[in-house]
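Good morning. Please have the sequence and the structure open while I talk.

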Number of protein chains: 4
Amino acid sequence: MKEKVILAYSGGLDTSVILKWLINKGYEVVCYIADVGQNDDFDKAKSKALSLGASKVYIEDLKEEFVKNHIFQALKANALYEGKYLLGTALARPLIAKQHIEIAKKEGTNIIAHGATGKGNDQIRFEMTFIKLMPEVKIISPWKDGGFLSQFEGRTDLINYAEENQIPIDSTLKKPYSMDDNLMHMSYEAGLLEDTKYEPQQDMFQKTVSPKDAPDKETKIMIEFKRGVPVKVENISEDKAVTGALKLFKYLNELASSNGIGRIDMVENRFVGIKSRGVYETPAGTILLKAHLDIEGITLDREVCHLKDMLMPKIAELIYNGFWYSPEFDFLMAAIDKSQENIDGKVYLTLYKGNVIVTGRESEKSLYDLSIASMDKSGGYDQRDAIGFIKLNALRLKLGA
Amino acid sequence: MKEKVILAYSGGLDTSVILKWLINKGYEVVCYIADVGQNDDFDKAKSKALSLGASKVYIEDLKEEFVKNHIFQALKANALYEGKYLLGTALARPLIAKQHIEIAKKEGTNIIAHGATGKGNDQIRFEMTFIKLMPEVKIISPWKDGGFLSQFEGRTDLINYAEENQIPIDSTLKKPYSMDDNLMHMSYEAGLLEDTKYEPQQDMFQKTVSPKDAPDKETKIMIEFKRGVPVKVENISEDKAVTGALKLFKYLNELASSNGIGRIDMVENRFVGIKSRGVYETPAGTILLKAHLDIEGITLDREVCHLKDMLMPKIAELIYNGFWYSPEFDFLMAAIDKSQENIDGKVYLTLYKGNVIVTGRESEKSLYDLSIASMDKSGGYDQRDAIGFIKLNALRLKLGA
Amino acid sequence: MKEKVILAYSGGLDTSVILKWLINKGYEVVCYIADVGQNDDFDKAKSKALSLGASKVYIEDLKEEFVKNHIFQALKANALYEGKYLLGTALARPLIAKQHIEIAKKEGTNIIAHGATGKGNDQIRFEMTFIKLMPEVKIISPWKDGGFLSQFEGRTDLINYAEENQIPIDSTLKKPYSMDDNLMHMSYEAGLLEDTKYEPQQDMFQKTVSPKDAPDKETKIMIEFKRGVPVKVENISEDKAVTGALKLFKYLNELASSNGIGRIDMVENRFVGIKSRGVYETPAGTILLKAHLDIEGITLDREVCHLKDMLMPKIAELIYNGFWYSPEFDFLMAAIDKSQENIDGKVYLTLYKGNVIVTGRESEKSLYDLSIASMDKSGGYDQRDAIGFIKLNALRLKLGA
Amino acid sequence: MKEKVILAYSGGLDTSVILKWLINKGYEVVCYIADVGQNDDFDKAKSKALSLGASKVYIEDLKEEFVKNHIFQALKANALYEGKYLLGTALARPLIAKQHIEIAKKEGTNIIAHGATGKGNDQIRFEMTFIKLMPEVKIISPWKDGGFLSQFEGRTDLINYAEENQIPIDSTLKKPYSMDDNLMHMSYEAGLLEDTKYEPQQDMFQKTVSPKDAPDKETKIMIEFKRGVPVKVENISEDKAVTGALKLFKYLNELASSNGIGRIDMVENRFVGIKSRGVYETPAGTILLKAHLDIEGITLDREVCHLKDMLMPKIAELIYNGFWYSPEFDFLMAAIDKSQENIDGKVYLTLYKGNVIVTGRESEKSLYDLSIASMDKSGGYDQRDAIGFIKLNALRLKLGA
């Protein structure tokens, strides 16, 4: 009996070649397509896989889980990698990999294949999750396989192999960038972008209009949070409200996208030790991070806020490096979850040509005390208390001077 | 002989009343005006102080030192308080206080007076610096003085006292906000802003145009860094270059200001334990932070970057809380200074209606290796190395599963 | 009707004077004695309080709660202040204060009095807890009260007042040290110890024998942990086992005490900015910390361990400074609690003349894998995996070289 | 011409086999023996290497550099891995590797060989240093070489190969443990110790007597520090003083060794993801850590101390993992070096049967202020200042309650 392998399949050239290569090596191949909101024709991909010899194709809708259990978890932590990257790809990978393992279990196999390269982060994010959730897993990673690598040295070899094996090819033209698309973001890397000074052309961007092309009219919205996650988005300008994690996230994507919000261009550090240039569009995520930071401003204790800020880079690093399913991530997220218990309230924002402008906020769990904050009222605050406060805070400086 | 006190003087109602109050208490009062770039009429303030009875008035130009030794130091650390505030006031205070002490020493006294309130951060920033740099200092802080507080319960008392003591008053109307102006920023708090939901009106903003009113035309610039600090700004659109710390900072302020860049609205946590709403305009600082983060992306080692990111909130907290002159700040900044040794290079940016868009960067100290980053070349990178890398990184997860 | 105040009472000179002073000021005074395991005659103290005019005396047994909810919580975090101090006093204070507030609520008052000095840490630990748990509390702290301070400038004033007010005095001799005794430790400070070079005499120590006087015979014990806390102590030498939090803690105290374990001499940093010399005896705590670190060695994930180690000093600082009941402590402890889920197992130790020697450990939740750790077996570990692991870990160093 | 390889050689069975194996593969082999204070017969090892065919043998005395630039640097940071391990082996490895590279440069080759296993930490510490200091290095690591591994599957194969190749063997008996010896420590792992519950027998220990066998008499010593490192050790009991980094370190080793000081037994986490049991004797290091912590107690600012405590685990991790020569280690050590500027003074200690008892300390750079610490004097400290200090520290807790 043939060994069965579950292959993460996209319908593109690479994974189609891998599918055929696995079949040619004698495997029964079950294809798995994760729907994390990318703009793909899943039915077409399924047909293609079956036509190439896949014994079965799973199309798994992970969008709701992606938003609720991944994007919103990262949001609680304000996770931002190296000060810029909202982790759109990194957040999806462990979820895709977890479902990959689920299918392997259902199909009664422990052999998993994926088409991520050996230079990137995704291979790690996939494989760490595979190993954690199925310690006995056997991973076939062709781009780290000596035989595969010597057979396919460049794109031409892939195309030739495709032609020899009746694999339909959409285009023999190499794309000018490598892209990753999901509900949260679109990423661009490689190709022309490998010149770090090269300025991306406007036609590259798929998920947002340019700030220059955005309407010359403000969109005023309100985002409501409960326990640190958004539960409602109101378009005040249009008197429209959206609730439900997936729905409101998609709606925020629309609003951000049309207002030119969420582009980032950076050189980042990969876990394998390489610096790499990445350009990202993260429309909804960009708004949510600003809104979440703002609602925390009024509801989160100062010292918790500062501790969170110190731990955030570590959390972002763990997500980026593929340690979503790890004891250290659970350890840190236990604290983060604790911190969000009172993060309720409404943030008012203006979207305008690339700008996300916070204009106000209110909360029933507010720690802001108008009477005590006021410069006109004492609010029970005795300014003379500051004398002792300063003197004792300065005492060690004085003794050390 | 009268005791001599050095009073930080602004020319406004409060410090004019304090000046007279001190004279009436029998002190000889020397006034000190720090020029940190605020838009004030220093000569007018000087005349006013002398006319009110000050025995001498110092006007100290601290602008160059402010930019080089304070703003650029914070920039090295990417210091940002609570994810938003660029610390414009907090950075100026220790410098103002240091010079205050210098004058006290020159004038042979150890008595210092300032007009900061007992609810705010500035009193702490001033007094911590005073005590650290002159442990034997005697601080007169009227807004924490029982006698003063009972004499002046509200603005009316100040105005009445001014009238009784022939203190000229510009306007008896209370300003709708409290403002602090310097080279780096303008801050707004109190008054109408105490309602955290209140949206500031456009006419409040003094240092930047609204993104809506900014030109519908991109400004393309280049900022060059050496050892982590900017040394040149080029306006590529206009083929103009500016060097010199103060000059380039002012020029960046112009560019940012006219392009609607640098506004922030937040609820922040004061050191005295109060949450307070602050609105800030930090034009040049906003561009520089983005540019500095970007040049670090290509020149800073990954692990140093991540450690810096974890320490940054602590550094920002120390600056915010007034611990600029402290052993713990020196301790952390020794590491930060070390990290900036190779932070050289050029960042290309587009300014447009509130947006600061990084479009590319280059550096002779780049750690980005095109051949190894490339998806088309191996660059000496053997993808099979990732097998062992992942297996050993996952080993403890596997054993723990 | 008289206002009612709840006074933390010890029976000693200071709090007896305070009791009388409060009565003389017109208060009804309810005394509260917290039994946290100190070696005091509570009945005698109660009689004394009543004879001095207290309207009621509460003696509250907090020992079990002290061990379970305070000492063992700190143990989970391996809390150690400034590398040395096991926080014996700091851990008891918030519990004592919490019960103080409970009594105030029961007695229908919000007035609280305590006799801690204004230079120490305990006033802060008490008052932070009071304010957190009863925001409307009114605190009477005589040693920070101007009237009290001018009335009682030194010990002689206290003794004179006592004589005038028929307060019985055990001894008019000042003790050579200030001590704090509870189930966890005995502390010594002030007096002769204020000379930081002074070597404490053996007769000072109350809770442990000197290592020199300990038996010249090893005591072999086993401590079993479940979820990070000790659940059983076995004296292997004597074939005796003790379970139950309070019982086993007391038994460990006995064993440690007789074997000369747990003395520490240090100069520490108080929250008020003063350096202070402290000498401590923490018998059971010293053994438990070593044992807990050891059982974590075999059951705790590496990365969680290292993160815990980085957060530990902050946790110890919060405990020391009196922030037991604070959102930041809850935040960090949520992570710590998470980390202890699998900290089960047995640690074998030898006690001998001041030494706590770990000799072995075992756990059903062990992450130690004999076959993979072994130098003689591969255990499924392919040494060649280390090639890629090292190459990719070194890649950024290579590119930076 | 033959390619030249520099082999780290010990004279033992493993590296002798590797030497011959390299020669048999056609290399010219230059042997390198690092003298880091291990108790070896270097002349005998040299003769053996030459007799086996080495073309040259370097014996490099690294002891002074080991103490001054490695042990004392770690001491400044109080580096302790996982709360227990003083890093004796980890500190020596980068130094040994650096000199290895120096010899390669001198010999005009870039080929380096070492005999560390693929499961351990040392391979990483060696190879990270090789790659950092000589990016073009070619590393021959037989225990990660497929050919070697299949040729030598166990100890018997090594012995057989030795016999076939006229390699003298001291003993065909496998040692019951694997040991690493240097000036700082002796480590024991593997063999019988792989059973984590196994209690090491007394005859295993080479560097210290058992506390039970130590003299029943106290040894009183004084250690003087300048800028954080020891500069003098006085044996007060014998009125003897030793200065000079290497000399005083050796003398402390003697004192500690004879007093049964410095044994540790633990399960630790290796960088390759394996938990491993290690037993260590670190005599002088154990005393120095206690003494250094104590002198910091009286001379180091509180906030610097707490920040150092938080960064220490990271520093220890970097040392343990082999990142001594890395930008992140330099980054952190810049701060640590800054912190030690005023760490001067004398610590008084008693050594007794395994105990290191601090009894007092004094310093000209002391931050301890007797008058202000005193409970009998005010020292300029106004206890009423604590009212405002506590009220403002508690304000956010009050508002949050």
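Predicted model: local features only at pLDDT ≥ 70, side-chain atom pairs only at ≥ 80, totals over all residues.

Let me begin with chain B and chain A. Some background: any two copies of a chain are related by a rotation about an axis and a shift along it. For this pair, chain B is superposed on chain A by a rotation of 180° with 0.0 Å of shift along the axis, and the RMSD is 0.0 Å. The two copies are therefore related as by a two-fold rotation axis. If you want to find that axis from the side of chain B, go to Met310(B), whose C-alpha is the nearest one in that chain, 2.4 Å from the axis. Both copies use the same surface here, since 100% of the contact residues of chain B recur in chain A.

Now the extent of that interface. The size of an interface is often given as the accessible area lost when the parts come together. Between chain B and chain A, about 8900 Å² is buried, with 59% of it on carbon and sulfur atoms. Chain B puts 98 residues into the contact, and chain A puts in 98 residues.

What about charged and polar pairs? There are eight salt bridges between chain B and chain A. One of the salt bridges you can look up joins Arg396(A) to Glu328(B), where the closest N and O atoms are 2.6 Å apart. On the side of chain B that touches chain A, helix α13, residues 385-400, supplies the largest share, 10 residues.

Next, chain C and chain B. Here the contact takes 20 residues from chain C and 20 residues from chain B. The pair buries about 1800 Å², of which 67% is on carbon and sulfur atoms. Which residues of chain C lose the most area to chain B? They are Asp385(C), Leu392(C) and Arg396(C), together accounting for 31% of what that side buries.

Across this second interface there are four salt bridges. Asp301(C) makes a salt bridge with Arg396(B), and the closest N and O atoms are 2.8 Å apart. Four residue pairs are in polar contact between chain C and chain B, again with both at pLDDT 80 or more. The elements of chain C that give two or more residues to this side are α10 (302-321) and α13 (385-400). The largest share comes from α13(C), with 11 residues.

Last, one helix. Helix α9 of chain B covers residues 283-299, which is 17 residues. From first C-alpha to last, α9(B) reaches 25 Å, close to the 24 Å expected at 1.5 Å a residue. Is α9(B) mostly covered or mostly uncovered? Mostly covered: 15 of its 17 residues are buried.

That is the end of my part.

Technical notes
Residues numbered from 1 in each chain as written. Chains lettered and ligands numbered in written order. Heavy atoms only, no water. Least-squares fit on C-alpha atoms with pLDDT ≥ 70 in both. Contact = heavy atoms within 4.5 Å. Helix = DSSP H or I, 4+ residues; strand = E, 2+ residues; numbered from the N terminus. Expected span 1.5 Å × (residues − 1). Buried < 20%, exposed > 50% of the residue type's maximum accessible area, 1.4 Å probe, protein only. Buried area = accessible area lost by both parts, 1.4 Å probe. Salt bridge = Lys/Arg side-chain N within 4 Å of Asp/Glu carboxyl O. Polar contact = N/O pair within 3.5 Å; in protein donor to acceptor, adjacent residues only side chain to side chain.
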